[in-house]
Amino acid sequence: MDNSTSESAPEDIDPYLKERNEGILYAFAKEDHRILTTPEIVEHVDLGRRQVERRLKDLRDQGVVGTRKPGRTRLWWLEAEVEEPASVQYPILKLIQERLSLQLIVIGILLGIVTVVSSTAAILFTNYGFSFYFVDFELLLQATLLFSMTAVMFLLTGGLVAGTVWLFDHLGIEIRYNPDDSQ
């Protein structure tokens, strides 16, 4: 395969590529020279040679690495810089992304913030005579009540999901869902 046809634009590169191939890409950063052989890359990862070769070929097809085989040994080099996604740079985002209970709790917290803002507006509206021509006081109170009830619902549901997951883990119960399994 010609390297000119396999190159991808940087925005076309999968953002989780660096996370999945961390050891392989780390090998290029760790070595003193920019062109590596497959055995040199294998030294930096906990994978077998065949797995490393397969991943390198995938990286080549995505335009991340280039390759050439001038003799018996194949040479590899980086062709593109791979940016890490925000969930790798900030592990809390990855944790939230992977756990339903945390997603529900974060939504509950955000709705709680909206509740605080809308209730502050309602207080200013009534006590200090501020008025907005497009906001009705009763509508603002109803919205505040709705936001607060929804926030509590999300927080309780997130806690319930987290508690259920903990209980299942504690009891050793494993639930798997695989839509590809045909019975």
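R72 sits in the loop that links β2 (65–68) to β3 (75–78). R72 is exposed in this predicted model, because its relative accessible area of 84% is over the 50% cut-off. R72 also belongs to a positive surface patch. A nonpolar surface patch involves helix α8, and a buried threonine, T144, lies in helix α9.

**Positive patch**
- The patch is formed by R50, R54, R55, K57, K69, R72 and R74.
- R72 contributes from the loop between β2 and β3.

**Nonpolar patch**
- V106, I109, L110, I113, V117 and L155 make a nonpolar surface patch of about 510 Å².
- Helix α8 gives the most to this patch, with five residues.
- V106 is found in helix α8.
- V106 has a relative accessible area of 31%, so it counts as partly exposed, between the 20% and 50% limits.

**I107 and L155**
- I107 lies in helix α8, which covers residues 100–127.
- At 35% relative accessibility, I107 is partly exposed.
- I107 and L155 are 48 residues apart along the chain, and their C-alpha atoms are separated by 7.9 Å.
- L155 is also one of the residues of the nonpolar patch.

**T144 in helix α9**
- T144 is found in helix α9, which covers residues 137–171.
- T144 counts as buried because its relative accessibility, 11%, is under 20%.
- Leaving out residues up to four places away in sequence, T144 touches T115, S118 and S119.

Technical notes: Residues numbered from 1 in each chain as written. Predicted model: local features only at pLDDT ≥ 70, side-chain atom pairs only at ≥ 80, totals over all residues. Heavy atoms only, no water. Patch = residues over 30% accessible without salt bridge, like charges linked within 9 Å, V, L, I, M, F, W, Y side chains within 5 Å. Areas by Shrake-Rupley, 256 points an atom, 1.4 Å probe, with all protein chains shown as cover. Salt bridge = Lys/Arg side-chain N within 4 Å of Asp/Glu carboxyl O. Lys, Arg positive; Asp, Glu negative; His and termini not counted. Charge placed at Lys NZ, Arg CZ, Asp CG, Glu CD. Helix = DSSP H or I, 4+ residues; strand = E, 2+ residues; numbered from the N terminus. Buried < 20%, exposed > 50% of the residue type's maximum accessible area, 1.4 Å probe, protein only. Contact = heavy atoms within 4.5 Å.
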